[in-house]
Amino acid sequence: MAQKTNSSLFQGARIRPYGERGYLLDQLSISKRFVIEQALSMTPPDGFDEYVIGADNLLILFQWPESEGVLHEWLSGLQCEILDGLNHSRRIEVPVRYDGPDLATVAVATGLSEAEVVAIHSAPEYRVRMMGFAPGFPYLDGLDERLHLERKASPRDRIEPGSVGIGGSHAGIYSVASPGGWHLLGRTDFPLFQAEQARGTVSDARQVFALAAGDTVKFLVI
Amino acid sequence: MPVIEIISTGVGLSVQDYGRPGWRRFGVPPGGVMDRSSAAAANRLLGNRADAPVLEVLMQGAKLRVLEDTWIAIAGADLGCAIAPWTACAVSAGTILQFPMNRSGLWAYVAVPGGFDADRWFGSASVDSRNGLGRPLERGVQLSAVTSASSFKYERVGRRVLAAELQRDFSRPMEFELLPGPQFDLFSSQARADLVSSEWTVSPRSDRTGFRLEGPALNVPDSIRSEPVLPGSFQIPGSGLPIVTMVDGPTVGGYAKIAILREADLDWLAQCRPGTKIGFNLCS
């Protein structure tokens, strides 16, 4: 089922210039963002270079400066359809061993038992809001409010890939070894980012990245 | 046929080209050479494409053995190599190229005819070791040139010294041009004034992901919802001291961005050694 949207959907959208060739679109719902993503991949504006997804925003980069007029025109002429249920997305199950180094401190900080933390963390169907920070790192929406915690005051210098953590209102999975300030609840062997698959040129992102923005993630307790 | 063998990597040595843009939305940094204009100069001295893979030499210590007669061009930082920066020359097999000292700048670029022939990840030969992309160099690794000396058309190297007005002296004091960042208006007028009226010092805690600046702590607004981050952005974390995002830096972040360098100025900033004093002008 497709629903026709009228062309005024993006008229008057707030556009903030960012750098010489970039424009940020703000306050986008996931479905509006999806319409723009689809349109950028099928009928991009003149001089389009690439786009980057943020929490509720989208950066559109052009190949040359002073493209704001082109972008406005392109947005106001957008004749897209919103597809019900974002049907490009997939549901991915990620097995997790809940033996993370911060499980006990998260339990204390939230006033829950460790078993409750695990049950609450593994219950939701999470949605990948965006990828970023590192290749393949998913910011997951849907974390239960009881687990919303400030990031750690002193970040770890090295977090192993596969570490399953929470930070602020997001859940996430570290995709490469990196420093980081999230609370670590468990580990997974699920490969989020396979650098070796990126050898040569990559035509299909799915060869390299297990997830994409819009996908649903379910943690399975093992 | 290999043309260069690594004897020592020194402080830092990697193959770089213009990076792998197009994958930021999956969290892959654009990467590539830290100073595009110098890498392009080294390539152009040999008639290569500006974005052909080069060796990027960070400060002193690297040592290379030339394995066959070839042409080599060097541009960027002056690291005391026998081949002066901004020039190209013929080099015979057996020559040892050393980069023994740090006279000016941080990154020197070594080009060979056609560029280095290196494996690519996401279409780029650039090494991003944190993310497992590209092939890190170590002692004993041999690198080939795309064009061998015997097939290289020497006459294409019309000018073997880069025009003087294009050469850069990175020890010169610099003022850089800034554009307002996406959160410019969230910063106090005091913070905005401090940014342009203060003298800043490049911190030793700087690398390919970001350059930190030391100076007066700026007033920090609340953190923002995670937003895409471009190289050259001045992110202001809780300390109030700017982190300038570089090409290997994260693709999204939650710190407010007071300003962003003009793209052309990022190359030069990347060449400023720790301790260098720099200033900024805001253009609108």
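Predicted model: local features only at pLDDT ≥ 70, side-chain atom pairs only at ≥ 80, totals over all residues.
Residues are numbered from 1 along each chain as its sequence is written, while chains are lettered from A and ligands numbered from 1 in the order in which they are written.

**Exercise 1. Find out how confident the predictor is in chain A.**

Step 1: Start with pLDDT, the predictor's confidence in each residue, from 0 to 100. Chain A averages 88, and 90% of its residues score at least 70.

Step 2: Look at the elements, where strands (E, at least two residues) and helices (H or I, at least four) are DSSP runs numbered from the N terminus.

Step 3: Turn to residues 1-7 of chain A, where pLDDT stays under 50.

**Exercise 2. Compare how the domains meet in each chain, with bounds taken from an automatic or database domain assignment.**

Step 1: Chain A is divided into domain 1 (2-83) and domain 2 (91-221). Their C-alpha centres are 29 Å apart.

Step 2: Count contacts, meaning pairs of residues whose C-beta atoms, placed from the backbone, lie within 7 Å. In chain A, 4 residues of domain 1 are in contact with 4 residues of domain 2.

Step 3: Chain B has domain 1 (2-166) and domain 2 (174-282). Here 18 residues of domain 1 are in contact with 11 residues of domain 2. Helix H1 (36-45), strand E5 (70-78) and strand E8 (104-111) of chain B each supply at least two residues of the domain 1 side.

**Exercise 3. Describe the side of chain A that touches chain B.**

Step 1: 34 residues of chain A are in contact with 30 residues of chain B.

Step 2: Strand E4 of chain A gives the largest share of the chain A side, 4 residues.

Step 3: Sort by class: Ala, Val, Leu, Ile, Met, Phe, Trp, Tyr, Cys and Pro are nonpolar, Asp, Glu, Lys and Arg charged, and the others, Gly among them, polar. The chain A side has 20 nonpolar, 9 polar and 5 charged residues.

**Exercise 4. Which residues does B:Val57 touch, not counting those up to four places away in sequence?**

Solution: B:Val57 touches B:Gly10, B:Leu13, B:Ala62, B:Leu79, B:Phe99, B:Trp107, B:Ala108 and B:Val110.

Notes
Contact = placed C-beta atoms within 7 Å.
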